[in-house]
Amino acid sequence: LHHEIVKTWDAIWVHDAGSHVATVGWFHNHYVDPITLVQSGNTRTYANSAGESSEGFELVARWQPVTPLQLRATLTRFTDLPESAFREADTLGSLLVNYSHANWNLNLAAVHHSERAMLTPVTGQVLELDDYWQLTGKLLFDLGDGVQWWLQVKNPLDADIETSGQGNRMEEGMPNRGRELGLGVLWRR
């Protein structure tokens, strides 16, 4: 395989008014010698393919109405994706709320992926996978002296989320993990 090269053009407008920031961007990516999956029957290999391009825009807004609270929203939309990217969502978005006061920090995030597709190996048909929102929350307490305790919950609503598998045996979307609860400590010396 030859190494893959991505040549990117970006045009970004930024409006910064202190408590709120907005950006609007356009991007164009050109892939030289992209590495793609080649499947023949039950055999899967990777090979370089002809050059491809993708293009789209992104919007980002951040607002800090009061000092401890910050809100952020993002949207990315691919207006042109190569055929080899059928497993990828063409629309991505996120919402974030972050609250920080004294030694406490709380953030709640929601990430959106639009519909994706996958090939089923037996029939060779395209299977459409649903769009989804995935939620995450994290509470952090800073004890000082480089020690932080945190509690995190991923997918608190236990949503059924499927993604496209890369293998050649799956007949349906690959399930993502359900609800996950984590407790941890971070110690920096």
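The model is a predicted one. An open sheet of nine strands with antiparallel pairing is present, together with two salt bridges. The largest pocket holds about 530 Å³ of space, and the second largest pocket has a volume of about 150 Å³.

**Sheet**

- The strands of the open sheet follow the order S1-S2-S5-S6-S7-S8-S11-S12-S15.
- Strand S1 (5-16) and strand S15 (180-187) form the edges, each of them pairing on one side only.
- On average, and with direction ignored, neighbouring strands of this sheet are turned by 15° against each other.
- Eight bridges join strand S11 (residues 132-144) to strand S12 (residues 147-154) in the antiparallel sense.
- Phe141 has Trp149 of S12 standing opposite.

**Salt bridges**

- A salt bridge links the side chains of Asp90 and Arg77, with an N to O distance of 3.0 Å.
- Asp90 is located in the loop between strand S6 (69-80) and strand S7 (91-101), while Arg77 belongs to strand S6, so this pair ties together parts that are 13 residues apart in sequence.
- Asp90 is partly exposed, at 26% relative accessibility, and Arg77 is likewise partly exposed, at 30%.
- The other salt bridge is formed by Glu180 and Arg177, whose closest N and O atoms are 2.7 Å apart.
- Glu180 has a relative accessible area of 26% and is partly exposed.
- Arg177 reaches 56% relative accessibility and therefore counts as exposed, the cut-off for that class being over 50%.

**Largest pocket**

- The largest pocket is lined by 22 residues, of which Thr36, Leu37, Ser84, Ala85 and Arg87 are the closest to its centre.
- Strand S3 (35-40) and strand S5 (52-66) each contribute at least two residues to this lining.
- S3 provides the largest share of the lining, with five residues.
- By class, the lining of the largest pocket comprises 11 nonpolar, seven polar and four charged residues.

**Second largest pocket**

- Of the 11 residues lining the second largest pocket, Arg87, Glu88, Ala89, His113 and Arg116 are the closest to its centre.
- Arg87 is also listed among the residues closest to the centre of the largest pocket.
- The lining of the second largest pocket divides into four nonpolar, four polar and three charged residues.

Notes:
Residues are numbered from 1 along each chain as its sequence is written. This is a predicted model: local features need pLDDT of at least 70, side-chain atom pairs count only at pLDDT 80 or more; totals for chains, interfaces and linings use all residues. Side-chain values use heavy atoms; hydrogens and water are left out. A salt bridge is a side-chain nitrogen of Lys or Arg within 4 Å of a carboxyl oxygen of Asp or Glu. Helices (H or I, at least four residues) and strands (E, at least two) are DSSP runs, numbered from the N terminus. Buried means under 20% relative accessible area, exposed over 50%, partly exposed in between (1.4 Å probe, protein chains only). Two strands pair if DSSP finds at least two bridges between them. Axes are lines fitted to C-alpha atoms, for helices over the stretch in contact, and angles run from 0 to 180 degrees between N-to-C directions. On a 1 Å grid over the protein atoms alone, a cavity is a set of points where a 1.4 Å probe fits but cannot get out, and a pocket is an open set with protein on both sides within 12 Å along at least five of seven lines; lining residues have an atom within 4 Å of a point. Grid points are joined across faces, edges and corners, and a volume is the space filled by probe spheres set on the points. Ala, Val, Leu, Ile, Met, Phe, Trp, Tyr, Cys and Pro count as nonpolar, Asp, Glu, Lys and Arg as charged, and the others, Gly among them, as polar.
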